Amino acid sequence: MRPGITIIGSGFAGLGMAIKLKKAGYHDFVILEKAGSLGGTWRDNTYPGCACDVPSHMYSFSFALNPGWSRMFSPQTEIWDYLRACATTYGLTPHFRFGREVTGLEYDEAGHWRVSTTDGETFTTNAVVSGVGALHVPSFPEIPGRESFRGPSFHSAEWDHSVDLTGKRVAVIGTGASAVQFVPRIAERVSRLHLFQRTPPWVQNRPDFPISPRMRAALTVPGAARALRNAIYWALETRALGFAVDPRLMKAHEKMARRHLADQVPDRALRAKLTPDYTIGCKRILLSNDYYPALNRDNVEVITEAAAEIRERSIVDSTGREIEVDAIVYGTGFKVVDALNDQWIVGRGGQKIQDAWRNGVEAYYGITTAGFPNLFFLLGPNTGLGHNSVVFMIESQVRYVIDCLRLLSKTGARALDVRPEAQRAFNARLQSRLHDLVWNEGGCTSWYLDEHGVNRTIWPGFTFEYWARTRRVRPEAYELIR
Ligand code: NAP
C-alpha cells in the first residue's frame, strides 16, 4: 500500500475529507480506522438518551442534506445511520481500512510520511489528514480505591449494555453533556440514583420535537431543507455575540436558564444546589427538558460533596458518609488536550510533536503546524465551538486542505510547511482575543483550558469569520518544499 493521501479516523471529519477529496478528483487515498466500523463518536457513544445537542439539519454535511431527520435533535443511531449512508452514497467503501490503529507518523526528508499501524504494517504516503477528534479518550476521576469496586462500573462513552441497571442502586459521577442525557433515562429504572455533582451546568430548554411525516415531505421540496438549515445556522450564530464579543451579552442566556431551573425545580434547596456560580457559556451550555425533572424524583439524590473514596461496594463522600451502590457510571468526560498530545508524530529534523507543542498545543487555523509538512488536522487546536455545529468547521477545514493540495500540484512542490512566524502571529492574535472572553473570564475551569489555563480548544469568533479566513490558502504563510 502506498496511498497518496492517508486519512485517520472515520467520523464526521474523516468522512467529510474523503467525500470532498473524491469530488475534487483525488481518488488515491485510504481511510484508516481503529475500530471495525465507521462513525467515530457516533459509533462509540451508545449510552441511553445519546443524541446531538445541535439541531440535526445543521449538524450534518451541507452537501448531504437529510430531509428525513426524525426529530430536531436526532438520536445517536440516526446520526450513525446517516454517516454510514453518506459513506455508501459517495463511494467510500473501497477506501476503508478497518481495525488499523495508527501507532506512529514519521516524516522523512524525501517529503513522505511513514505511517505505522497496530497490525505491524508500515507504509509511506505523501500527505496525512488527521480526523481523530478530541473527544474519544475517556477520562476517569482519580478517586482512591476506584479499582477496588466489585460491582459493574463503566464510562458513558463505553456503556456496558450487558449490565441491567433496573432496580439497582447506582452512582453517577459527573454532570456534563453526556450525563444530562443519560441520567433521565436511567433515573426511572434504577432503585436509587446518587448523582455526584462537582460543578452544576447551566441548562436551557431544548427546543426538540418530532418532525412529522408531512413536514419531512415538505422538506424534500427543492430549497426547503437548505432554507431550514440556513435559518438554524443564523439563529445559532447570533449566540456567538455573547461568546465572541462581550460576556455581558450572556445575561439574556443566563436569565433563560434561571427561568428554566425555576420552572422545573420547585424545591428551593435542590434549586440552590443546581444553580451555577459562574458566567453562562464558560462551560458548554446544556440543553435538556428532562434532566431537572429527573432530579426531582424521590429516588434521585444530588450530592455536592466530592466522592472521596471508592470501596468494594460503596462510595464515601467528603463528609465521611458511606453510600452503598451496586454500580457506578462515570460521566466524567474526555482527556481532550492529551488526545492530540499523546500521538507519536515525528516531523522535520526528527522533532517530536510533544516538543513542538511543549508550550501548548497550537496550529495555524487549527489545521497545520510548523515542522510537520503535509500533515493536516481536522478539528485541531482552537477550532471547537460552544455555539454552532462543528460540522461547519470541518467543512471549512476540508476545503482548506484541498486548496493546499492544489497549491502543491500547481507549484510542483512536494510538501508545504506552515512558517513558524505565521503560526506564532496567528496564535498570538487568537490568544489575545480569547483573553477577555467567557471561557477564560467566566469564573470556571473546563476542558477548554489546558493545565496552564490557556484555551486550546475554542474558536473565539463567528464561524463565518473562520470560513472566510480559511477560504483560500495564503501561499506566503507556507514554505514550499521542493
Ligand atoms: P464533560 O462535559 O467534560 O463533563 C464531565 C463531567 O464530569 C463534569 O460534570 C465534570 O465536573 C465531571 N467530572 C470530571 N472529573 C471529575 C472528577 N474527578 N470528580 C468529579 N466530577 C468530575 O464530559 P461529557 O459530558 O462526556 O461531554 C464532553 C463533551 O462531549 C461535551 O462538552 C460536548 O462537546 C460533547 N458531547 C456532545 C453531546 C451532543 O449532544 N452532541 C453529548 C455529549 C457530549 P466539572 O464540571 O466540575 O469539571
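Of the 23 residues around the ligand, those that come nearest are Ala51, Ala177, Ser178, Thr199 and Lys283 (near: a heavy atom within 4 Å). This is a predicted model, where local features need pLDDT of at least 70 and side-chain atom pairs pLDDT 80 or more, while totals for chains, interfaces and linings use all residues. Residues are numbered from 1 along each chain as its sequence is written, and side-chain values use heavy atoms, with hydrogens and water left out.

**Ligand contacts**
- A side-chain N or O atom of Thr199 lies 2.4 Å from a ligand oxygen (polar contact: a pair of N or O atoms within 3.5 Å).
- Ser178 places a polar backbone atom 2.7 Å from an oxygen atom of the ligand.
- For Asp53, a backbone N or O atom is 2.9 Å from a ligand oxygen.
- On its own the ligand has 900 Å² of accessible area, and the protein covers 82% of this (Shrake-Rupley method, 1.4 Å probe).

**Ligand shell**
- The shell holds 10 nonpolar, 9 polar and 4 charged residues (Asp, Glu, Lys and Arg count as charged, Gly as polar).
- The ligand lies between domain 1 (5–137 + 335–481) and domain 2 (146–201 + 284–330), because both give residues to its shell (bounds from an automatic or database domain assignment).

**Open sheet**
- Five strands pair in parallel in the order β3-β2-β1-β7-β19 (pairing: at least two DSSP bridges; strands: DSSP E runs of at least two residues, numbered from the N terminus).
- Strands β3 (96–98) and β19 (375–377) are the edges, each pairing on one side only.
- Strand β7 (residues 127–130) pairs with β19 over 3 bridges.
- Val128 has Leu375 of β19 as its bridge partner.

Technical notes. Polar contact = N/O pair within 3.5 Å; in protein donor to acceptor, adjacent residues only side chain to side chain. Helix = DSSP H or I, 4+ residues; strand = E, 2+ residues; numbered from the N terminus.
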